[in-house]
Amino acid sequence: MQQYDKAYSYSKIMIDSTTALEEKLLQNDVDSVRLEVCSSMELDQNLMRANHYILVDRTIKARISLATLEGLERLVRMDVRELVGITEDVFEIACKAFKKDRRFFLTVDCKEEQGHIVLRDYIKQYEAAEKIVLGCYYQELLVGVLMAARISDTEYETVLGAILPEWQSKGAGMSLYAYEFHKLKEMGVKTLYSRISTDNVSSLNLHISLSKGKINFVQPLDIYIKDRQSI
């Protein structure tokens with residue numbers, strides 16, 4: 001469990017069995033909890049509501065085969081540069097991009113203070129990982145970032161993709177992901193994974209388009225937030 005002060009604490013739990021879930025629900029008494037549950041599990045929704053858990057999102061993992069993809073570099077229409085690592089600019093872009101994305105919040109109404117703490121924790125876990133970090137620029141203005149972490153010699157996972165709201169649907173996302181796909185393929189990476197919110201239709205469509213059908217969706221997860229104030 002991560003604790004910051006008396007007014008704010010949270011724990012992040014991954015559950016893969018109903019028995020384990022019920023035990024965690026009964027044992028956990030912190031104010032805020034993020035609970036990730038395999039979507040195939042049959043949950044007692046009365047039990048979930050009684051313990052102040054609210055379903056806020058369903059995510060799904062995309063598995064993309066890069067080996068046969070061609071022409072990706074032609075889709076990079078904005079200025080994409082490789083960054084030195086996780087700079088403060090990366091975090092700031094992510095904060096501005098994810099103002100209502102419940103993957104990074106602990107309250108249903110997406111209170112920014114808690115969300116920024118969760119987001120910083122999420123990004124920080126990749127500081128020591130082998131990774132590529134990309135930035136998309138308009139002139140010298142950074143408008144989007146993307147980060148992919150190494151799993152093995154032939155596998156990477158996109159762990160962050162964030163575009164400033166005013167630059168979404170203007171080619172920044174396409175340029176970043178096309179550059180990523182092309183670079184990883186050139187590095188000999190065969191498979192790229194990415195976990196996407198099923199509510200983010202534009203991201204799903206972008207991945208399907210860039211992968212040219214060489215994509216499978218696996219491992220759906222339901223995300224619950226324990227939010228006493230919203231019950």
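Reader: Which residue in β9 stands opposite Tyr156?
Author: That's Leu192. Keep in mind that this is a predicted model.

Reader: OK, and how does the chain get from β8 to β9?
Author: The chain passes through helix α5, residues 172–186, and this β-α-β crossover is right-handed.

Reader: Do β8 and β9 run parallel or antiparallel, and how many bridges join them?
Author: They run parallel, with four bridges between them. Strand β9 covers residues 191–197.

Reader: What about β7 and β8, parallel or antiparallel?
Author: Antiparallel, over eight bridges. Strand β7 spans residues 141–152 and β8 spans residues 155–163.

Reader: How many residues sit between those two?
Author: Two, and β7 and β8 form a hairpin.

Reader: Which residue stands opposite Glu157 of β8?
Author: Ala149 does.

Reader: Switching topic: where is Lys190 found?
Author: Lys190 lies in the loop between α5 and β9.

Reader: Beyond its neighbours within four places in sequence, what is Lys190 in contact with?
Author: Ile64, Ser65, Leu66, Ala67 and Thr154.

Reader: How far apart are Lys190 and Ala67, in sequence and in space?
Author: They are 123 residues apart in sequence, while their C-alpha atoms are 5.4 Å apart in space.

Conventions
Residues are numbered from 1 along each chain as its sequence is written. This is a predicted model: local features need pLDDT of at least 70, side-chain atom pairs count only at pLDDT 80 or more; totals for chains, interfaces and linings use all residues. Side-chain values use heavy atoms; hydrogens and water are left out. Two strands pair if DSSP finds at least two bridges between them. A crossover is right-handed if, with the strands pointing away from the viewer, the path from the first strand over the helix to the second runs clockwise. Contact means heavy atoms within 4.5 Å.
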